[in-house]
Structures are given as structure tokens and as C-alpha cells.
Amino acid sequence: MKDEDKLIEQYGKKQPFTMPEGYLEQLHEQLMNNLPETQPIATTEAKVTLMTRIKPLLYMAAMFVGIIFMVQGIMYVQQSHLKSDNIAAAEELYEPEVDDFMASSLYSEYALYSYLTSTDYD
Amino acid sequence: MSLPTDEDILIERLRDTKTRHDTFSALVKAHSETLYWHIRRMVLDHDDANDILQNTFVKAWMGIDGFLGQAKLLTWLYRIATNETLTFINKSCNRVDYDDIEAAATSIEADEWFDGDHLQAQLQAAIQTLPPKQRMVFNMKYYDEMKYEEMSAILGTSVGALKASYHIAVKKISDFLENEN
């Protein structure tokens with residue numbers, strides 16, 4: 001480095017300052033005699049309350065209740081869909097002959113079954 | 001008490017309240033001269049350097065429990081000294097204007113603890129015209145011949161930025177002294 005070499009050549013690197021005689025010994029003594037007390041780093045533990053302890057359990061319980069409500073809601077929606085589907089299916093299956101047959105309550109369930117499964121009915 | 005060469009043992013002894021005082025005493029003895037010159041070259045005045053150095057050691061003493069050993073002890077002490085010095089300079093506006101350089105050189109020569117010639121006083125005055133951090137980079141490299149990596153650990157600046165800063169500082173001082181003479 002050209003500029004640096006020039007500086008060194010012209011001015012050198014000698015320290016142009018001095019310190020008072022015995023300064024470092026004096027500093028050491030003065031410093032060590034007047035050091036303040038060091039305080040240990042505060043390691044106070046945070047107070048654990050009952051609420052703090054059961055908080056995770058409460059959060060978990062709330063989560064489960066939420067999940068249960070959600071599942072119930074989904075099931076309710078599905079069931080209402082099923083209900084309406086059943087009604088529609090029942091309406092599709094409606095046949096006046098069955099009503100007529102049921103109206104005459106003289107027939108037993110077996111007779112009804114036989115009637116429905118008989119080829120004549122088809 | 002002599003200072004253990006192993007840094008880990010030294011830190012352990014500093015953490016232990018029973019050995020802390022003696023170890024710190026050895027630490028002060030070992031590093032006070034290095035840190036004194038680091039500070040003195042920045043502020044020039046012996047009394048100011050003395051105050052800053054004492055503050056540096058007191059802060060180090062108070063902060064031992066917080067020192068986790070991420071850096072070397074001397075690097076840590078250098079950092080405290082650097083911060084203390086820069087804070088002092090910023091508070092006291094310790095900087096020479098380009099126009100006042102001859103007056104500054106004369107003032108430096110009049111200092112009781114200056115034993116250089118007029119050229120060296122001019123060089124010191126020229127160094128004082130630099131911004132504080134650049135002045136520090138210049139002193140650490142020019143006088144202490146410190147490696148850029150070490151300077152980087154102390155000043156928290158990248159090696160590249162330090163190199164650039166040093167080159168600019170040398171150029172500024174050279175130009176200034178050329179014009180002056």
C-alpha cells in the first residue's frame with residue numbers, strides 16, 4: 001500500500017505519548033480497592049399458580065368440547081340430509097294399492113308381505 | 001496470582017465468587033496497558049484515558065456474570081473499552097476540524113505526556129480529523145498492527161468494511177499531511 005508506506009517512512013510507528021511513571025500499578029491498586037460489590041444474577045423463579053398449572057388442561061378440555069360440538073353439528077347436518085332423502089324416497093315409493101291394502105286391516109303382516117312379494121303385484 | 005493460559009479455566013475462576021477477585025486482579029494487570037493505549041490514542045489526554053479505562057474495568061467487573069464466553073476475554077474487554085471511548089468522544093465532541101489542525105498539533109505538543117516531534121504531533125492531529133470509528137480502525141491497524149479478523153470481532157464490522165475504512169483513512173491522512181507540508 002503506497003500511502004501507508006509513505007506514512008510509515010515519514011512519521012514512523014512510534015508511540016509519541018507516554019504515561020506517568022508507576023501509573024499502571026497505581027491504577028491496579030486503586031481499581032481493586034474500589035471495586036463495587038457484584039450482585040449475583042437474579043434467578044427468581046416465576047410463581048406458579050393453580051390457574052397456571054390447570055391452564056393447559058382447560059385449553060385441552062375446551063378443545064375437546066369444541067371438537068364434540070363440531071362433530072355433532074356435522075352429524076346433525078348429515079342426518080337432516082338423510083331424513084329429507086328418506087322422505088323423498090318414501091314419496092317415490094308411494095303406491096295407492098298399498099294404501100288400499102293397509103286400509104282393509106283384515107290382513108296380517110304376513111299377508112301383507114306375501115302380497116308385496118307376489119308376482120301379481122309386480 | 002498469575003493469569004491461567006487456558007481461557008476456560010480463567011472464565012471458570014471469574015465465575016466462582018471465591019476466586020473472582022484474585023483472577024480479576026490478574027486480568028487487570030495483564031491487560032490494562034493494552035487497553036490504556038487503545039483508549040489513549042483515541043482521546044489523547046491521559047486523564048480522560050484513565051477515567052475511561054477505570055470505567056471499562058468496573059463495567060467488566062459488574063458484567064462478569066453476564067459474560068457467557070462467546071468471545072475471548074480480551075476481545076470482550078476491548079469491546080467495553082471501545083464502547084466507553086466512543087461514548088466519551090460523542091459526548092465531548094472530541095474531533096479536530098481540518099482548519100484547526102495546526103492549532104491541534106501545537107496543543108498536542110504542549111501535552112505533558114507527549115514526547116514526539118512536531119511531525120508526529122501533526123500526524124496525531126490529522127488522525128483526530130477522522131470520524132471516531134475510522135480513527136479507531138486506523139489506530140488498531142497502524143499502531144497495533146491488529147489483524148482485520150480480530151478488529152472485526154471487537155468492532156462488529158465486516159472485514160471488507162474494515163479494509164475499506166482503513167484504506168480511506170490512510171488516504172485522507174496522507175492527502176491532508178501533503179497539503180499541510
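The model is predicted, with local features requiring pLDDT of at least 70, side-chain atom pairs counted only at pLDDT 80 or more, and totals for chains, interfaces and linings using all residues. Residues are numbered from 1 along each chain as its sequence is written, chains are lettered from A in the order in which they are written, and side-chain values use heavy atoms, with hydrogens and water left out.

**Largest pocket**

- The largest pocket holds about 240 Å³ of space, where a volume is the space filled by probe spheres set on grid points joined across faces, edges and corners; a pocket is an open set of points on a 1 Å grid over the protein atoms alone, where a 1.4 Å probe fits, with protein on both sides within 12 Å along at least five of seven lines.
- Its lining (residues with an atom within 4 Å of a point) has 13 residues, and B:K72, B:L73, B:L74, B:T75 and B:E150 lie nearest the centre.
- Two or more lining residues come from each of α1 (7-15), α2 (20-43), α4 (73-92) and α8 (148-155) of chain B, helices being DSSP runs of H or I with at least four residues, numbered from the N terminus; α4(B) gives the largest share, 4 residues.
- By class, this lining has 8 nonpolar, 2 polar and 3 charged residues, with Ala, Val, Leu, Ile, Met, Phe, Trp, Tyr, Cys and Pro counted as nonpolar, Asp, Glu, Lys and Arg as charged, and the others, Gly among them, as polar.
- Domain 1 (1-94) and domain 2 (97-181) of chain B each supply at least three lining residues, the bounds coming from an automatic or database domain assignment.

**Cavity**

- The structure holds 1 cavity of 30 Å³ or more, a cavity being a set of points where the 1.4 Å probe fits but cannot get out.
- About 40 Å³ of space lies in the largest cavity, which is lined by B:I11, B:L14, B:R15, B:I64, B:F67 and B:W76.
- α1(B) contributes the most to this lining, with 3 residues.

**Loop residue A:N34**

- A:N34 lies in the loop between α2 (23-33) and α3 (50-93) of chain A and is exposed (over 50%), with a relative accessible area of 56%.
- A polar atom of the A:N34 side chain lies 2.7 Å from the backbone oxygen of A:Q30.

Terms used: Buried < 20%, exposed > 50% of the residue type's maximum accessible area, 1.4 Å probe, protein only. Polar contact = N/O pair within 3.5 Å; in protein donor to acceptor, adjacent residues only side chain to side chain.
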